[in-house]
Amino acid sequence: MAIRNVVTLGDDCLRKVCRTQMQFDERLWTVLDDMKDTMYHAEGVGLAAPQVGILRRYCIIDVGDGLIELINPVIVETKGTQTDNEGCLSLPGKFSEVTRPMTVTVRAQDRFGKNFTVTGEGLKARALCHEIDHLDGILYIDKANKGK
Ligand code: CO
């Protein structure tokens, strides 16, 4: 396990549409383990593969209730809205107000390829939306409320 370099705004990796992760093998697990170390070291609540230069559809989140690894995640349901400050490890020191769904349900695969569904509310919903956006080259600043 190791701490990886997190790319910052201006790096092309942050603007690519990532490809489906097809293999659930040691290579994936090593990156996931490194992403976990990297996220905790940076005291973030989420990290997406493109932020460590890997253009594949997976990300991790931990908003304080445990680590969740999401491979090929898809948002299947959203409810309500919330508006709050949001930041990103790829834009260190910056925050903007972003409106997100209050509740989201995501379908994904775990590190072994097994399907699961997770529902998050509040910060967890925000983190899920933020990280899944990364997989499509979308940053929170693209969605930040005007004038903030
Ligand atoms: Co981010």
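Q: Is Arg4 buried, partly exposed or exposed here?
A: In this predicted model, Arg4 counts as partly exposed, because its relative accessibility is 26%.

Q: And what does the side chain of Arg4 meet in a salt bridge?
A: The side chain of Arg4 meets that of Asp34 in a salt bridge, with 2.8 Å from N to O. Arg4 lies in the segment before helix H1 (26-41) and Asp34 in helix H1 itself, so the pair ties together parts that are 30 residues apart in sequence.

Q: Asp34, then: buried or exposed?
A: Asp34 has a relative accessible area of 6%, which is why it counts as buried.

Q: Switching topic, where does Glu69 sit?
A: Glu69 lies in strand S3, which covers residues 68-79, and it counts as buried because its relative accessibility is 16%, under the 20% cut-off.

Q: Which residue does Glu69 form a salt bridge with?
A: Glu69 forms a salt bridge with Arg111, and the closest N and O atoms are 2.8 Å apart. This pair links distant parts of the chain, with Glu69 in strand S3 and Arg111 in the loop between strand S6 (103-109) and strand S7 (115-121), 42 residues apart. Both Glu69 and Arg111 are buried.

Q: What else is Glu69 in contact with, leaving aside neighbours within four places in sequence?
A: Its contacts include Leu32, Cys59, Ile60 and Phe116.

Q: How many salt bridges does the structure hold?
A: The structure holds 10 salt bridges, and among the residues involved, Glu86, Arg100, Arg126, Asp133 and Lys143 are linked in a network.

Terms used
Residues are numbered from 1 along each chain as its sequence is written. This is a predicted model: local features need pLDDT of at least 70, side-chain atom pairs count only at pLDDT 80 or more; totals for chains, interfaces and linings use all residues. Side-chain values use heavy atoms; hydrogens and water are left out. Helices (H or I, at least four residues) and strands (E, at least two) are DSSP runs, numbered from the N terminus. Buried means under 20% relative accessible area, exposed over 50%, partly exposed in between (1.4 Å probe, protein chains only). Contact means heavy atoms within 4.5 Å. A salt bridge is a side-chain nitrogen of Lys or Arg within 4 Å of a carboxyl oxygen of Asp or Glu.
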